[in-house]
Amino acid sequence: NFFQAARPAVAERRSVQSALVAARQSGNLALKAYELTVVPAEAFDIASVALPANGKWWETRETLERMDISENQITTLPDTLQALSDLKDLNASYNRLKSLPDSGCWGSLTQLANLILDHNCLQTLPKGIGVDGFPPLVKLSVHHNQLTCLPVTLLTTLQELDASYNALMALPTGMGALSALRRLRLSHNKLQELPPDLANQMPVVAELDVSDNLLAEIELTAPALQVLQLAHNRLVRLEINAC
């Protein structure tokens, strides 16, 4: 798995330039745990990276499909991210991200399916992300941040959403539009209720984790539900409808 590659030993770690050359040839940029504070500019124009003398130019890539910049000290992602129109997977977890580019930038990522932003310092996500169907995210993971709001209602292709360990007090109305959701993890927040449009429209949700919140009443319509975690709430009423 690209995101689960073992962290290289310091003595064996390749240079950033070597990683960029490898990405030019494979379309996969692996810069996990390189002690970076910024993303190299060449990452957004991988075709500009010079090949070694024996490089096979006919096997090179013009843009990236996967980028792993996890376990660094990066504080921001530049707007030039929008140049990666073929990007499918982006892992920027375990950094120091405090903000993200606006929704217009993300809308240019027409192939992006997996976005991993766990363990950062994010307080919000870009408003309007997902407008016009882009990016077509299937998985969004933002656990262990400082999120106080979750503007994801336009990401209608989402199948997995993990926003655990944040500071969410409420979810936005319109969550019911996420009709493809199969896994929803919202544990360790401050939620007092689930929006009715979400609770009554979970046609394919198989796993729901809302443990460690402040929920007193839960009424769900979730015919596909297999795993439900509710521990450490203030429940006085629970009703689950199978259809």
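These legends describe views of a predicted model of one protein.

**View 1. The whole chain and its secondary structure.** The protein contains 3 helices and 11 strands. Along the sequence they follow the pattern α-β-β-β-α-β-β-β-β-α-β-β-β-β. The C-alpha trace spans about 70 × 35 × 30 Å along its principal axes. Among contacts with a separation of 6 or more, 43% join residues 24 or more positions apart.

**View 2. The largest nonpolar core.** This core has 64 residues. M67, W106, L140 and L150 have the most contacts inside it. Four elements each supply at least two of its residues: α1 (16-26), α2 (103-107), α3 (196-199) and β9 (217-221). The most comes from α1, with 4 residues. Across the protein, 45% of the 243 residues count as buried.

**View 3. The surroundings of A216.** A216 sits in the loop between β8 (207-209) and β9. Its relative accessible area is 29%, so A216 counts as partly exposed. Leaving aside neighbours within four places in sequence, A216 is in contact with Q192, R234, L235, V236 and R237. R237 is 21 residues from A216 in sequence, yet their C-alpha atoms are 6.7 Å apart.

**View 4. The surface and its charges.** The protein exposes about 11700 Å². Carbon and sulfur atoms supply 50% of that area. There are 19 positive and 25 negative side chains. The centres of these two sets lie 5 Å apart.

Definitions and conventions:
Residues are numbered from 1 along each chain as its sequence is written. This is a predicted model: local features need pLDDT of at least 70, side-chain atom pairs count only at pLDDT 80 or more; totals for chains, interfaces and linings use all residues. Side-chain values use heavy atoms; hydrogens and water are left out. A nonpolar core is a set of buried Ala, Val, Leu, Ile, Met, Phe, Trp, Tyr and Cys residues joined through side-chain atoms within 4.5 Å. Buried means under 20% relative accessible area, exposed over 50%, partly exposed in between (1.4 Å probe, protein chains only). Contact means heavy atoms within 4.5 Å. Accessible areas come from the Shrake-Rupley method with a 1.4 Å probe; for residues, only the protein chains shown count as cover. Lys and Arg count as positive and Asp and Glu as negative; His and the chain ends are not counted. The place of a charge is taken as NZ of Lys, CZ of Arg, CG of Asp or CD of Glu.
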